[in-house]
Amino acid sequence: MKSRRLGVSLRIIWYLVLFFLYAPLFVVVLYSFNDANTTTHITHFSLRWYRRLFGNAQVLDALKLSIWLGLGSSVISAVLGTMLGYGMYIHRGARRLAWLVWIVYLPVATPDILYGISELGFFTDVHARFGILRPGFLTMLIAHVSFQLPFVALVVYSRLVGLDPELFNACRDLYANGWQRARFFIVPTLSPAILAGFFLSFTLSIDDLVISFFTTGPGNTTLPIYIWSAIRKGVTPEVNAAAAILIGGVFAAATVAMVVQYMKALTRRQRNALL
Amino acid sequence: MAEAVASRQATGYQGRFLGLGSDAWHILGVIMPGVLWIVVFLVVPMLLLVGIAFMTNGPYGLPEQPFTLDAFRQLAGFGLLGWGPGNLLVILRTLWQTALATLLVTLISYPVAYYVTTRPPALQPILLLLVVAPSWSNQVIRAMGWMNLLAPGTPLSTLAAKLGLIAPELGLFPSAFAVTLGLVYDFLPFMVLPLYASFERLDHAQVEAAYDLHAGPVRAFLHAVLPQTLPGLLAGIMLVGIPAFGMYVVPELLGGGKSLMLGNLIARQFQDASNWPYGAAASIVMIAVTLVGLVVLRRLSRRAAGGVEVVL
Amino acid sequence: MVAAQQIRDVNGRSSDAVARQRASSIELRGLSKSYDDVEVLKNLDLHINAGEFFTLLGPSGSGKSTILRLVAGFERPDTGSIRIGGTEVVELPPNRRNVNTVFQSYALFAHLSVRDNMAFGPRMLGWKKDRIGQRVQEMAAFINIAELLGRRIDQLSGGQRQRVALARALINEPDVLLLDEPLSALDAGLRSQLQVELRRIQRRLGMTFVFVTHDQEEALVMSDRIAVLNDGHLQQVSAPQALYERPQNLFVARFMGHSNVFPISARASDHLLTPLGRISGQFGAGSHVLVRPEAITVRAQPQGDANHFPATVSECIYRGDFVEYRMQCGAARLTAKRANRGEPLFEVGAQVSASVASAAVVLLDG
């Protein structure tokens with residue numbers, strides 16, 4: 001498969017696909033800087049939509065809510081997910097826990113529309129019966145944690161599987177009791193995985209629309225919900241601006257993550273030389 | 001085996017406390033909080049949803065007793081004016097869009113994944129990152145991007161109108177085409193990654209053997225490459241096809257109310273149309289298809305991997 | 001490398017300060033262990049003397065690692081007792097036994113430096129910081145890894161990791177040190193070097209070492225006594241010389257690499273009949289005989305020896321410091337080894353006489 005013609009056509013396909021992948025995002029950013037109010041004519045560069053955006057209290061509130069929701073749910077799922085992942089690892093030989101895999105994968109495999117409406121039904125029923133859990137921030141938080149948990153558990157689990165199993169015995173051989181083992185071995189070893197799980201949860205939370213939409217209540221609008229409602233009324237450049245900011249944020253975070261990874265892969269000497 | 005035993009012993013000693021061994025306490029303390037959360041806040045709601053499908057639609061759209069199969073009858077198409085194929089069409093259309101999108105994604109992913117493997121190894125993670133990065137943005141924003149690009153009056157739409165594909169005043173969106181495009185766009189990275197992994201492990205000697213035995217490029221691909229990429233392909237189909245079936249945002253924004261998929265149908269029942277049992281019945285269809293798809297694909301991929309468990 | 005002269009540590013003290021006399025005997029009684037219905041050990045009795053370098057030798061699955069893990073406390077026996085220094089330890093978890101382990105995979109903590117790995121046990125035991133720091137320095141000098149103290153584990157070679165694992169275990173001054181095939185991951189040259197070094201360290205410290213291996217040569221080099229295991233049963237427990245020169249049964253003979261093993265077809269009060277021929281002498285019970293290659297003399301003509309057999313040389317292998325003859329002798333194939341003293345070699349096809357003294361013939365159970 002080394003003919004030159006194949007190589008050229010592969011390259012063409014690659015660039016076409018890259019263009020395809022980035023065109024919509026590029027267009028969003030492009031229109032956000034467009035002075036005109038329509039999406040069909042490019043006039044001149046303007047920041048007025050951004051100015052409008054920052055003066056828009058609703059957007060800022062939505063952003064704040066999204067961040068709080070993300071942080072809150074990620075903290076909870078980091079804790080519960082780590083425990084779950086650890087438990088899954090320790091008992092991975094136990095046959096009577098085989099159903100555990102299904103439970104853990106359920107949130108991952110469920111389409112978010114199903115997720116959303118079943119939560120809607122559930123919370124409505126609970127509220128009607130017991131008067132607690134009125135749809136709002138708390139219900140969103142609960143729903144978010146439930147779909148973030150498995151991801152954290154899986155990240156932690158795969159990190160543990162990569163360890164030499166005798167390390168646990170080594171701890172006991174060296175006189176560590178259960179708490180010492182957790183504090184001096186398990187947590188330090190897992191902390192990169194836990195952190196990765198935390199960031200993954202945060203990203204999932206910030207990005208979510210459907211589940212948040214169906215589990216939220218009046219006055220609790222997250223940023224994706226705000227953008228969704230705005231689009232339904234018609235795409236405006238202001239919405240493009242908000243979207244462009246989100247895109248920028250995600251790519252900035254991704255770049256930071258990449259740089260961190262790259263730095264970690266270098267040896268200490270190379271790192272000192274760079275900084 | 002020694003590993004499993006080692007892990008079992010690693011939890012602690014076999015003393016008993018309050019009638020339970022330390023093993024059981026460990027499970028309770030460590031696993032149960034997370035599991036309970038999922039059970040109470042996902043499993044129970046889904047069971048509830050299934051239950052709702054068998055109830056009657058109350059005056060405010062909320063379900064109430066008595067139990068009935070009305071919702072299912074409605075789903076099958078039996079409305080006030082007799083039988084209509086509308087709902088079944090929605091289901092069929094969903095299946096069709098899913099299959100089409102999966103096929104297109106596969107066709108595009110193969111050359112893309114292969115291309116990445118031909119690049120220098122240091123570059124490959126960066127290239128993959130380039131492919132994956134767009135999926136990190138919000139799905140609403142992605143759909144919005146396509147709305148921008150395909151709206152009436154935009155260059156693409158004008159071009160399509162000139163080519164006679166659509167009427168001049170319309171855009172490429174809203175349409176079934178836009179929905180397919182949106183689906184392909186969203187799910188492309190999920191097929192590229194597993195296929196890349198398969199290509200990485202590819203035994204090139206088999207391809208050379210094929211050429212040595214006088215096969216042309218097409219035959220060499222079919223017999224030497226395709227079978228080896230089967231595990232990656234199946235994993236990709238699982239990651240693309242199953243979520244695609246349950247998509248809501250893309251068909252909602254890009255379909256414009258005419259190209260409804262099952263997810264949109266369901267959502268409407270819980271919003272304006274206010275017929276929860278009917279929506280729940282439709283949900284059961286989605287659950288069923290998702291489950292069947294998962295089971296079938298898992299079985300196929302297990303066989304493709306030679307009987308070895310494929311943990312995703 | 002622990003050299004002959006005294007090593008001085010950071011504070012100028014001699015390394016004799018490191019060599020504390022501390023050792024315990026180990027008594028195993030009636031030990032049984034099954035995994036998932038597979039019986040690995042059944043009713044095993046074993047006694048290991050204090051201060052001894054004791055090796056558990058056997059093929060994979062023979063139960064030798066299981067015994068080690070039971071003594072360490074990572075597994076609990078189904079039945080039986082384990083006494084270390086006279087104290088029953090079966091009920092004690094590993095972190096309450098005064099025993100440390102060097103793992104086959106070393107199991108070093110990747111997130112800690114060499115120094116912190118070594119300090120792990122003392123920290124868990126609650127030693128004072130000063131004492132920990134001092135002991136780490138002493139032990140690092142003793143094991144010769146002082147320049148590695150600040151490094152991370154992934155920067156170390158296999159041999160270095162092995163030493164760190166050893167240091168991490170020894171610093172806790174256990175009564176017994178357990179070593180689970182610690183040298184199996186190293187290449188041959190490093191292995192030989194470390195075998196000798198481990199032996200020296202053990203002698204220096206006077207500690208009880210229990211060593212597990214499947215390599216009989218390794219066992220012979222290092223041990224005071226060796227227990228050969230097969231299928232969870234003890235085949236023989238002896239000092240190296242007795243084990244090699246006087247194996248008790250067929251399994252041990254084969255495992256130690258002996259080739260001249262022949263079944264006894266008939267016996268009388270003063271001789272045995274074997275495929276080799278007739279062997280005179282008075283012998284005890286047994287189903288097979290072993291004739292060690294070193295004990296066979298090969299000559300052109302028989303010379304009045306008691307047991308001599310006509311043989312045809314089928315191979316002559318010159319190994320530099322010794323010569324090996326493979327011969328067809330009656331119905332049997334015989335191997336003889338002889339130190340190379342510059343004598344002329346027999347050619348292939350030569351008719352020779354192989355003889356062996358009756359006293360050098362070993363009887364084996366089946």
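Helix H1 of chain A has a kink: H1(A) bends by about 40 degrees at A:Ala23, with a proline, A:Pro24, following within four residues. The bend here is the angle between axes fitted to the seven residues ending at a position and the seven starting there. Helices (H or I, at least four residues) and strands (E, at least two) are DSSP runs, numbered from the N terminus.

Keep in mind that this is a predicted model, where local features need pLDDT of at least 70, side-chain atom pairs count only at pLDDT 80 or more, and totals for chains, interfaces and linings use all residues. Residues are numbered from 1 along each chain as its sequence is written, while chains are lettered from A and ligands numbered from 1 in the order in which they are written.

Back to H1(A). The helix covers residues 4–32, which is 29 residues, and reaches 42 Å from first C-alpha to last, close to the 42 Å expected at 1.5 Å a residue. That expected span is 1.5 Å times one less than the number of residues. Its buried residues include A:Trp14, A:Leu21 and A:Pro24. A residue is buried if 20 or more other C-beta atoms lie within 10 Å of its own, exposed if 12 or fewer, and partly exposed in between, with C-beta atoms placed from the backbone.

Chain A also meets chain B. The contact takes 71 residues from chain B and 67 residues from chain A, where contact has C-beta atoms, placed from the backbone, within 7 Å. On the chain B side, helix H3 (residues 32–52) gives the largest share, 15 residues. That side divides into 52 nonpolar, 16 polar and 3 charged residues. For the bookkeeping, Ala, Val, Leu, Ile, Met, Phe, Trp, Tyr, Cys and Pro count as nonpolar, Asp, Glu, Lys and Arg as charged, and the others, Gly among them, as polar.

Here are chains B and C in numbers.

| Item | Chain B | Chain C |
|---|---|---|
| Helices and strands | 15 helices, 6 strands | 8 helices, 21 strands |
| Buried share | 42% of 312 residues | 40% of 366 residues |
| Contacts at least 24 apart, among those at least 6 apart | 64% | 67% |

The C-alpha trace of chain C spans about 75 × 50 × 30 Å along its principal axes. In chain C, 6 strands form an open sheet with mixed pairing, in the order E6-E7-E8-E3-E9-E10. Strands E6 (99–102) and E10 (233–238) sit at the edges with a single partner strand each, so one side of each has no neighbour in the sheet. Neighbouring strands of this sheet are turned by 20 degrees against each other on average, direction ignored. Two strands pair if DSSP finds at least two bridges between them; E3 (residues 53–57) and E9 (residues 225–230) of chain C run parallel and are joined by 4 bridges. One bridge partner is C:Arg225 in E9(C), for C:Phe54.

Helix H2 of chain C (residues 114–125) has buried residues too, among them C:Val114, C:Met118 and C:Phe120. The buried residues of H2(C) pack against helix H3 (129–143) and helix H4 (158–170) of chain C. Just after H2(C), C:Gly126 takes a positive phi of about 85 degrees.

Finally, a loop residue. C:Glu343 lies between strand E19 (332–339) and strand E20 (351–356) of chain C. C:Glu343 counts as exposed because 10 other C-beta atoms lie within 10 Å.

How values were computed:
Contact = placed C-beta atoms within 7 Å. Axes fitted to C-alpha atoms, helices over the stretch in contact; angles between N-to-C directions.
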